[in-house]
Amino acid sequence: MNHHKPPAAARTVHPTDPRYGELVSGMNQRWTARPDHVTLVSTAQQTREAVQEAVRAGKRVSVRSGGHCYENFVSNADVKVIIDLRDMNRVYWDPAHRAFAVEAGATLADVYEELYLGHGVVLPAGFCYSVGMGGHITGGGFGLLSRQLGLTVDHLYAVEVVTVDAHGRARLVTATRERHDPRRELWWAHTGAGGGNFGIVTRFWFRSPRARTGAPGEALPKPPAEVLLSSVALPWSEITEEDFTRLVHNHGTWYEDNSAPDSPYTALAGYLIMNHRQNGTIALITQSDATVPGAAALHADYLAALTDGVKAAPRPLPAPRRLPWLRATRMLGTSVTMLTDTTLRGDHKSACMRRGFTDDQVATLYKHLTTTDYTNRNAQAVLHPYGGRIAAVDNAATASSHRETVFKLLLQTFWSDPAQDAANLAWTRGIYGDLFAATGGVPVPDRRTDGCYVNYPDTDIGDPAFNTSAVPWSTLYYKDNYPRLQRVKAAWDPRDIFRHAQSVRLPG
Ligand SMILES: Cc1cc2nc3c(=O)[nH]c(=O)nc-3n(C[C@H](O)[C@H](O)[C@H](O)COP(=O)(O)OP(=O)(O)OC[C@H]3O[C@@H](n4cnc5c(N)ncnc54)[C@H](O)[C@@H]3O)c2cc1C
């Protein structure tokens, strides 16, 4: 068990240190900071001390856990001190809270491997093995098991946070979801408002609300022992516009029809990965619970429904592989080079979808994915599964307020040469602006769309040049929960110590 690793002393890295260059940027190489120093902490107390020292010196701080932020919220020119939690990655059973304690610097790999191999349980978290818990959980992280088991934050019991009060004193506080806890609102704000808003989380505790006994093996859900995993590749050389339209409409209709909390299809989740034509293929990656009754038929029916009438789809459809759950998760989370390469630059945009795309939107997707003016093979529009058990929870019960969403769109592109920045940004901005042209360039919360996902942050949605709707970025991320988040901000970070381009603003 990895909780026996002894904590090291905090280490401070200055600009003259050869390691400095490694520590001042995260995954996305577009963002680099020039801080006075980076402090690598190993304990909550060291984190509190690092915050106190920065506040005393009047230096702006930011916090890094896994370094996967799409925007410059951690690594930006104004930050003077980065507090880096990567060494705080212990995952262990805490009998005092009858919950799993997970330090904020743990990666999804640490969490999946330790919870499952140690105790047979799981958190329904995201895809990429190297994502950090500090950002992932605070933003309401989700993944392939979420239709079956809910969002990660639906299982969050408590948070330990370093906050700074009105007098500039850094304190370490614990907030739980217990009804009588006077700090409950601080817990609530950490169930989907995103990182870098209220303080630095040092530790999370997880226990499902429905866990009855005090035993570790009962505290969180169990993943399927085995899953069915399939990958269907449709060659762009054979995909006509008619085929493409059919496929995208099939997808939308399926998720509209099969995303209720009690649907038998909560046992299944699929990605539709619409790569730019230059890439060669469009892919359908599907995972389902192999242990439910009729599992093989559920899986086959889904693939048949999505590819119905699509001439470019292989016939017969490839049979899924049957794999132990952890093996499938590890393979998916480590094998996509574009997502694991830490030398790339990236740009990302999101939309929460309550309904499938309209005819106009499908035509827009087709046009931008097949354009010959822009030929980056690492450009894609990915549709992520949502709904199912996620929809069983009220929008106000957690700060994750997109419970009516049935799938999420992630538009993204990766490249390495800074000279290509303008062309890549033009592509994501063009496709996104055209897709949501009818609603001011953004997916405003309405009957069809449901706003944007804060864990896929995008500063353009706060820029009037791109968002011409009357709906501010804060409503796109948080809908009706925003005023409540602002009250938490006023109570717990009255000096706005923890801030970035899209942090929750103080009221007024
Ligand atoms: C390849 C890839 C795959 C992804 N797949 C998924 C997915 O399947 N599902 C999904 O939901 N999301 C996914 N994401 C998005 C991911 O959840 C977010 O990028 C998340 O915020 C990353 O957290 P981090 O700790 O790694 O990032 P960091 O860059 O360290 O931090 C991200 C944000 O959180 C803040 N923060 C970090 N640590 C703390 C802390 N300890 N306390 C308070 N605030 C903190 C930072 O200030 C920053 O604003 C993916 C991202 C990538 C790059």
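A: Note that this is a predicted model. We can begin with the burial of two residues: Tyr-255 is buried, and Tyr-302 is buried too.

Q: How is a pair of aromatic rings described?
A: The distance of the centres and the angle of the planes describe a pair of aromatic rings. There are 25 aromatic pairs in this structure. Planes over 60 degrees apart count as edge-to-face.

Q: Which parts does the pair of Tyr-255 and Tyr-302 tie together?
A: Tyr-255 belongs to helix H8 (residues 241-257) and Tyr-302 to helix H9 (residues 295-307), so the pair links parts that are 47 residues apart in sequence.

Q: Which ring has the charged end of Lys-408 over it?
A: The charged end of Lys-408 sits over the ring of Tyr-453, 3.4 Å from its centre. Likewise, Arg-484 lies over the face of Trp-188, at 3.7 Å from the ring centre.

Q: How many residues surround the ligand?
A: The ligand is surrounded by 31 residues, and Tyr-453 is among the closest, with Ser-65, Gly-67, Gly-132 and Phe-142. By class, this shell has 16 nonpolar, 14 polar and one charged residues. H4 contributes the most to it, with three residues.

Q: Which backbone atoms lie by an oxygen atom of the ligand?
A: A backbone N or O atom of Gly-67 lies 2.8 Å from a ligand oxygen atom. For His-68 the distance is 3.0 Å, and for Cys-69 it is 2.9 Å. The protein covers 96% of the 960 Å² of accessible area that the ligand has on its own.

Terms used:
Residues numbered from 1 in each chain as written. Predicted model: local features only at pLDDT ≥ 70, side-chain atom pairs only at ≥ 80, totals over all residues. Heavy atoms only, no water. Phe/Tyr/Trp six-rings, centres within 6.5 Å; stacked < 30°, edge-to-face > 60°. Helix = DSSP H or I, 4+ residues; strand = E, 2+ residues; numbered from the N terminus. Buried < 20%, exposed > 50% of the residue type's maximum accessible area, 1.4 Å probe, protein only. Lys NZ or Arg CZ within 6 Å of the ring centre and 35° of its normal. Near = heavy atom within 4 Å. Polar contact = N/O pair within 3.5 Å; in protein donor to acceptor, adjacent residues only side chain to side chain. Areas by Shrake-Rupley, 256 points an atom, 1.4 Å probe, with all protein chains shown as cover. Nonpolar A, V, L, I, M, F, W, Y, C, P; charged D, E, K, R; others polar.
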